[in-house]
Amino acid sequence: MSAKMNQSPLSIAQISDIHLFTDEKQDLLGLNTTQSFQTVIERLLYLRDRLDLLLLTGDLSQDGTPESYKRLQHLLLPLAMPTYWIPGNHDYFPTMQQILNHASIFAEKEFIQGGWNFVLINSAVPGHAHGQLSQTTLAWLDWRLASCSTQPALVALHHPPFLVNSQWLDSSTLENSEEFFAVLDRHPQVKLVLFGHIHQEFHCQRNGVHYLGSPSTSVQFEPNSPHFSIKQENPGFRLIKLYPDGSWLTQIERVAYSEYVLDLAATGY
């Protein structure tokens with residue numbers, strides 16, 4: 001039996017790009033985002049005893065309204081699971097802080113669990129699709145990682161710090177990735193960086209750090225496409241097991257949601 005199998009992992013689910021609306025009947029490119037997220041919740045309820053926490057990596061709302069965040073809170077309630085979140089470019093951070101801060105949903109952006117240091121950072125730029133990390137955020141990230149240098153670390157943000165070989169998506173990634181990498185390079189305990197935004201599975205490695213993008217619980221984007229293009233693929237999320245020694249395992253889960261007719265001719269959203 002390997003050392004890893006003798007350890008008890010922390011199991012998390014990364015949920016991203018839910019895109020809820022004020023109106024629960026409204027759809028995104030032909031898909032009802034409330035219904036698709038309800039299907040994801042049903043799967044998470046099935047997995048409930050095997051999960052320790054949820055991590056929501058942005059674009060939780062499409063319109064940034066209080067009603068959309070209240071619906072999210074209501075939909076998450078049956079899970080009764082510690083839930084942490086970061087904003088995306090479609091979100092409205094002040095409203096999120098007010099509403100997504102009750103019961104098992106926490107607004108904290110740093111915590112330690114399962115022997116891992118979690119650091120959640122805001123890459124959203126109000127009014128813009130691209131991402132940017134402020135100097136204040138970078139300094140805080142550096143300080144937080146330095147203060148917890150003995151634990152393996154996971155960093156989460158909404159925007160990918162890498163190009164993903166899709167010209168239209170690559171115009172809205174993290175703009176100051178090199179500054180972000182410079183901070184991470186000073187802290188070898190960082191093992192994983194999680195992000196959303198691209199509505200597809202993604203994995204690459206840089207200097208020993210693995211960067212993982214997650215599918216959306218709503219519409220999926222076609223990988224490696226030069227123009228806006230959506231893919232006829234079921235909504236999904238990422239499961240990750242984190243071991244105290246800094247090792248990890250991950251897999252993508254898809255849910256059987258087919259009650260939609262995608263607008264394949266759409267040129268944006």
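The model is predicted, so local features need pLDDT of at least 70, side-chain atom pairs count only at pLDDT 80 or more, and totals for chains, interfaces and linings use all residues. Residues are numbered from 1 along each chain as its sequence is written, and side-chain values use heavy atoms, with hydrogens and water left out.

Start with one of the sheets. Its 6 strands run in the order β6-β5-β4-β1-β15-β16. The sheet is open, and its pairing is mixed. Helices (H or I, at least four residues) and strands (E, at least two) are DSSP runs, numbered from the N terminus. Two strands pair if DSSP finds at least two bridges between them. Gln-14 has Leu-55 in β4 as its bridge partner.

Helix α1 packs on this sheet and touches β1, β4, β15 (236–242) and β16. Contact means heavy atoms within 4.5 Å. The direction of α1 makes about 170° with that of β1. Axes are lines fitted to C-alpha atoms, for helices over the stretch in contact, and angles run from 0 to 180 degrees between N-to-C directions. Helix α2 lies across β4, β5 (83–86) and β6. It runs at about 155° to β4.

Now look at the two helices together. Two packed helices are described by the angle between their axes and the distance between the axes. The axes of α1 (residues 33–46) and α2 (residues 66–76) come within 10 Å and cross at roughly 25°. That makes α1 roughly parallel to α2. Angles under 35 degrees count as roughly parallel, over 145 as roughly antiparallel, 65 to 115 as roughly perpendicular and the rest as oblique. The crossing of α1 and α2 is right-handed. A crossing is left-handed if the near helix is turned anticlockwise from the far one by less than a right angle, and right-handed if clockwise. From α1, Thr-34, Phe-37, Gln-38 and Ile-41 meet Arg-71, Leu-72, Leu-75 and Leu-76 of α2.

Thr-39 also sits in α1. Its relative accessibility is 15%, so Thr-39 counts as buried. Buried means under 20% relative accessible area, exposed over 50%, partly exposed in between (1.4 Å probe, protein chains only). Beyond its neighbours within four places in sequence, Thr-39 contacts Val-255, Ala-256 and Tyr-257.

Move on to the other sheet. This open sheet of 6 strands has the order β7-β8-β9-β10-β12-β11, again with mixed pairing. Its edge strands, β7 (110–113) and β11 (202–206), each pair on one side only. From one strand to the next, the twist averages 20°. Strands β9 (residues 153–156) and β10 (residues 190–195) pair in the parallel sense over 4 bridges. There, Ala-153 stands opposite Val-190 in β10. Helix α4 (residues 135–147) packs on the sheet, touching β7, β8 (116–120), β9 and β10. Its direction makes about 170° with that of β8.

Helix α4 also meets α5 (residues 177–185). Their axes come within 9 Å and cross at roughly 15°. That makes α4 roughly parallel to α5. Here too the crossing is right-handed. Residues in the contact include Leu-138 and Leu-141 of α4, with Phe-180 and Val-183 of α5.

A nonpolar core is a set of buried Ala, Val, Leu, Ile, Met, Phe, Trp, Tyr and Cys residues joined through side-chain atoms within 4.5 Å. The largest one has 64 residues, of which Leu-44, Val-155, Phe-180 and Tyr-211 touch the most other members. A second, separate core of 18 residues includes Ile-12, Leu-53, Phe-111 and Leu-120.

Ser-216 lies between β12 (209–213) and β13 (220–221). At 0% relative accessibility, Ser-216 is buried. Asp-59, between β4 and α2, is buried as well, at 0%. Asp-59 has a positive phi of about 50°, although it is not a glycine. Asn-165 lies in the loop between β9 and α5. Its phi is positive too, near 65°. With a relative accessible area of 57%, Asn-165 is exposed.
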